[in-house]
Amino acid sequence: MKQKSDKVGRNDPCPCGSGLKYKRCCIGRDSAPRESLENRYEREYQIHLKKGPDIEGLRKAGKLVIETLDLAASIVKPGLKTEAINTLVHDFTIQNHAIPAPLNYRGFPKSVCVSVNDVICHGIPGDYRLADGDIVNIDVTSILDGYYADASKTFFVGSPGPQARKIVQVAKQSLKEGMAMVKPGNRVGDIGHAIQRYAESKGCSVVRDFVGHGIGREFHEHPQVPHFGKKGQGIELVPGMVFTIEPMINLGDLSLRILKDKWTAVTRDGSLSAQFEQTLLVTENGHESLTPYDL
């Protein structure tokens, strides 16, 4: 017996109820306007997909961030006060007609985060003098013409020991593993899964309390980008998304505590912690780093 077809023929009454034949009414027309990807991501996830002028503005901000990081790296040495790094970053940022984003952000008192040894993140520059064998993360965020860009590196001070070499290498490769997952069709969970799998395979742990984040006209936008997770889960990556990946990797346990200054996060077991961060744009074919440096 021939099965009845649900397909509407050209000469059938139009399903819209107009009384006209389908060929004289809605044929070739969608039953409802298709929502653009840009509008859907804004509505569902509060993610603002970036286009030409935004991307160019972010590139310029990213270029300044990397120039600032390189300048800061050039003065790192035993005996240097971390406050000197803050002064250099602040002055260089202002000289380039930009604003240091951390300064006064939710009460943060300095223009850059400087995190030494067991400090996971949000270290406040001050009177501490870098010592031979230390590791120091410098995290720079600049606002240029209204656009934010964010990047960090962990540097050796003098001659590093084997533990320092290990945690810095694992943190650096963790960022590389996460970046390799950034392409259309993958999901946010793929990034975290790749980082977690690699770091834990090296006997290290991934901090859960701090994550990557969207960035653009605001310091912290959607989405959040955890550095742990499961493959295939989370928001799908699409062209125009801009976010940071900034895995914080501990040599020991992942637990942390916040110091009395309400900013400085340190490893609970006193183990070393390292971090690398870049700001990334999802492109049609993969990704572009807006704060590029070699890994």
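Start by selecting His97, which sits in the loop between helix H3 (82–95) and strand S1 (99–100). Keep in mind as you go that this is a predicted model. His97 isn't a glycine, yet its phi is positive, at about 60°. It counts as exposed, with 71% relative accessibility.

Next, hop over to Asn117, in the loop between strand S2 (113–116) and strand S3 (119–121). Here too you'll find a positive phi, near 60°, in a residue other than glycine. Is Asn117 buried or exposed? At 19% relative accessibility, Asn117 counts as buried, because the cut-off for buried is under 20%.

Now pick Asn137, in strand S4 (residues 135–144). Asn137 is buried, and its relative accessible area is 4%. Show its side chain and look for two partners: a polar contact of 3.2 Å to the side chain of Ser152, and another of 3.2 Å to the side chain of Thr154. Leaving aside residues up to four places away in sequence, Asn137 also touches others, including Cys113, Val114 and Gln275.

Gln275 is a handy link to the next stop, as strand S13 covers 273–275. Colour the open sheet of three strands, ordered S6-S10-S13 with antiparallel pairing. Strands S6 (205–206) and S13 are at the edges with a single partner strand each, so one side of each has no neighbour in the sheet. Zoom in on S6 and strand S10 (residues 248–250), which pair in the antiparallel sense over two bridges. Ser205 has Asn250 in S10 as its bridge partner.

Last stop: Pro223, in strand S8 (residues 221–225). Check the peptide bond from His222 to Pro223, which is cis, with omega near 5°.

How values were computed:
Residues are numbered from 1 along each chain as its sequence is written. This is a predicted model: local features need pLDDT of at least 70, side-chain atom pairs count only at pLDDT 80 or more; totals for chains, interfaces and linings use all residues. Side-chain values use heavy atoms; hydrogens and water are left out. Helices (H or I, at least four residues) and strands (E, at least two) are DSSP runs, numbered from the N terminus. Buried means under 20% relative accessible area, exposed over 50%, partly exposed in between (1.4 Å probe, protein chains only). A polar contact is a pair of N or O atoms within 3.5 Å; within protein, one must be able to donate a hydrogen and the other to accept it, and residues adjacent in sequence count only if both atoms are side-chain atoms. Contact means heavy atoms within 4.5 Å. Two strands pair if DSSP finds at least two bridges between them.
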